[in-house]
Amino acid sequence: MVRVLTHDVLILGSGLAGLRAALEVLWAADGRLDLAILSKTQLMRAHSVAAEGGTAAVLNPEEGDSPELHAWDTVKGSDFLADQDAVMRFVEAMPREILRLEHWGIPWSRRPDGHINQRPFGGHSFPRATFAADKTGFFEMQTLYDTLQRFGRFTRYDEWMATRIIVEQGELAGVTAWDLTTGEFALLRAKALIVATGGFMRLFGFTTYSYTVTGDGMAMAYRAGLPLKDMEFVQFHPTGLVPSGILITEAARGEGGYLRNRDGRRFMEDHAPKLMELAPRDIVARAETLEMEAGRGFTHPSGLGYVELDLTHLGGDRIKQRLPLIREVAIKFNGLDPIEHRLPVRPAAHYSMGGIHTDIDGKTPVEGIWAAGEAACVSIHGANRLGSNSTGECLVWGAITGREAARYALARKAPPEPPLEAAREEQARLQGLLDRRGTESLYEIRSRLRQVMDEKVGVFREEAGLREALEEVRTLKARMADVGLSDRGWVYNTDLVSALELQNMLDLAEVTVLGALERRESRGAHARRDYPSRDDERFLAHTLAYHTPQGPRLEYLPVRITRWKPVERKY
């Protein structure tokens with residue numbers, strides 16, 4: 001039995017992009033639309049709460065900053081793969097989003113004169129990362145959630161897992177979902193869908209991301225026929241705490257922290273002498289990796305290599321005021337107080353520059369579907385995202401997609417007819433997973449996938465390793481056909497959740513590895529040892545991946561260059 005639930009607008013995901021989109025739908029429709037928010041977690045458990053350091057915006061043009069400078073920093077940081085019209089739209093919208101959050105009650109950190117404070121961030125030529133101590137994402141989420149309570153007409157589907165986006169005749173037909181708490185399987189109809197399910201960094205073993213971040217929205221969109229864009233560009237954050245991978249915010253370096261090798265030397269002077277520790281993340285991550293490879297790092301008892309992040313010279317008062325969460329995390333997880341001790345860090349998988357292909361309004365090629373936040377690729381980050389631009393993207397395109405989806409839904413008389421046959425097929429697929437008496441362990445497959453991605457699709461890549469990774473990912477996909485689950489029920493079946501997540505991650509891994517293999521150049525976060533130079537003649541283009549039964553089919557799309565021609569990227 002498939003229950004049919006009908007709404008006007010459906011949002012998948014309840015992070016920054018999803019909540020900002022929800023507010024805009026309700027605002028734009030002025031109570032005339034029935035909105036639903038579906039989330040795999042409880043609403044305030046989205047990974048956005050883990051964003052720490054800041055949100056970039058030009059707030060002080062009288063002091064020398066400007067939207068043009070923010071745009072140039074972003075385009076240069078992207079290694080010229082960002083679409084420049086989208087970047088300009090982003091930087092022009094961001095000050096309004098910061099002030100809107102201010103009016104909604106967010107506790108921004110302040111200067112002594114009472115103005116909103118901002119700190120330096122890597123790759124930015126002006127201190128424009130607006131922050132709330134080192135808990136920026138949490139306070140942004142809480143502010144959006146609080147504001148959402150002012151509106152009565154929306155439905156929450158907390159702890160529901162979407163399993164399939166159904167597209168018929170080139171337009172949205174519905175979404176199937178499973179209620180983890182009751183075991184109910186349902187078909188959700190809507191006039192408009194916004195996919196805001198976040199990234200897929202749990203593809204890697206050493207990552208800053210929550211266990212729930214498995215790329216579900218991207219994978220469902222991909223299998224439904226929507227292209228994925230630029231998936232080979234994975235950002236490795238330079239300061240993942242060893243051995244857990246927990247994020248040590250870039251704000252720690254923005255506040256003046258140093259990176260040191262085993263000789264105590266600030267090695268960034270060899271790689272980015274002008275910006276040092278505040279160079280873009282791809283440059284810092286490569287520098288750390290080279291230091292460790294040269295034997296100038298340390299080795300943790302876990303076997304992981306690392307360098308040290310030194311905050312001791314900042315003093316206790318500054319650390320307690322500006323970096324309280326970092327201090328708490330370091331003490332709780334490593335027994336180290338950064339006021340007195342250096343912290344062990346190494347590059348950790350952190351962010352996907354790629355995602356569902358959209359236009360500048362966040363609209364996908366399928367009628368009735370938009371995407372926003374890390375699940376989408378507009379593209380403003382290109383080959384490498386600047387820190388503090390991601391939370392801003394969630395706010396800007398959350399608002400844009402919410403407004404566009406509301407307009408679309410208001411103009412449409414009714415949702416499409418419910419695709420019951422497709423919904424029953426999806427329910428049968430899940431039941432088949434529960435009934436299967438396979439011999440493979442999905443947890444062994446998942447562990448091996450993450451090991452392969454860490455070892456062969458990391459900070460540095462090369463042809464042989466990528467080919468081996470692609471072959472192994474496809475082998476792991478084949479092994480999934482013989483996975484058996486211990487739990488056979490429908491209520492809170494974490495085995496089934498893990499199986500569905502692993503299927504999603506395997507599809508995304510295949511796209512990521514193939515895109516990296518075919519992009520025979522080094523650009524931003526995609527560093528090929530066998531092709532160390534950027535190749536604008538062949539690869540100044542976005543990668544588009546389309547799903548086929550045989551695997552991803554790749555095409556390329558020109559980058560939209562409106563202001564700045566590519567030049568050599570130096571810091």
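**Notebook: loops, a helix, rings and voids**

I began with Glu159, which lies in the loop between β7 (154-158) and β8. Helices here are DSSP runs of H or I with at least four residues, strands are runs of E with at least two, and both are numbered from the N terminus. The model is predicted, so I kept to its rules: local features need pLDDT of at least 70, side-chain atom pairs count only at pLDDT 80 or more, and totals for chains, interfaces and linings use all residues. Residues are numbered from 1 along each chain as its sequence is written, and side-chain values use heavy atoms, with hydrogens and water left out.

**Backbone entries**

I noted that Glu159 has a positive phi of about 55° although it is not a glycine. Is Glu159 buried or exposed? It counts as buried, at 19% relative accessibility; buried means under 20% relative accessible area, exposed over 50% and partly exposed in between, with a 1.4 Å probe and protein chains only.

Asp30 also went into my list, with a positive phi near 50°. Asp30 sits in the loop between α1 (16-29) and β3 (35-39) and counts as exposed at 64%.

I then looked up cis peptide bonds. One joins Val242 and Pro243, with omega about 10°, and Pro243 is in the loop between β13 (234-241) and α6. Another joins Val378 and Ser379, with omega about 20°; Ser379 belongs to the loop between β20 and α10. I jotted a reminder: most residues other than glycine have a negative phi, and most peptide bonds are trans.

**Helix α14**

I checked the length of α14 (residues 494-518): its 25 residues should span 36 Å at 1.5 Å a residue, and the end C-alpha atoms are 36 Å apart, which agrees. The expected span is 1.5 Å times one less than the number of residues. I found 22 of the 25 residues buried. At the start of α14, a side-chain oxygen of Asn493 comes within 3.0 Å of the backbone nitrogen of Asp495.

**Rings and charges**

I counted 12 aromatic pairs, where rings of Phe, Tyr and Trp (its six-membered ring) pair if their centres lie within 6.5 Å, with planes under 30 degrees apart stacked, over 60 edge-to-face and the rest tilted. Trp370 and Tyr408 are edge-to-face, 5.4 Å centre to centre with 70° between the planes. That pair links strand β19 (residues 369-371) to helix α10 (residues 390-411), 38 residues apart. I found both Trp370 and Tyr408 buried.

I also saw Arg119 over the face of Phe131, 3.8 Å from the ring centre; the rule wants NZ of Lys or CZ of Arg within 6 Å of the centre and within 35 degrees of the ring normal.

**Voids**

I found 2 cavities of 30 Å³ or more. On a 1 Å grid over the protein atoms alone, a cavity is a set of points where a 1.4 Å probe fits but cannot get out; lining residues have an atom within 4 Å of a point. Points are joined across faces, edges and corners, and a volume is the space filled by probe spheres set on them. What is the volume of the largest cavity? I have it at about 70 Å³. Its lining includes Met161, Arg223, Arg429 and Asn504, and the elements giving two or more lining residues are β8 (160-168), α5 (216-223) and α14.

Technical notes:
A polar contact is a pair of N or O atoms within 3.5 Å; within protein, one must be able to donate a hydrogen and the other to accept it, and residues adjacent in sequence count only if both atoms are side-chain atoms. On a 1 Å grid over the protein atoms alone, a cavity is a set of points where a 1.4 Å probe fits but cannot get out, and a pocket is an open set with protein on both sides within 12 Å along at least five of seven lines; lining residues have an atom within 4 Å of a point.
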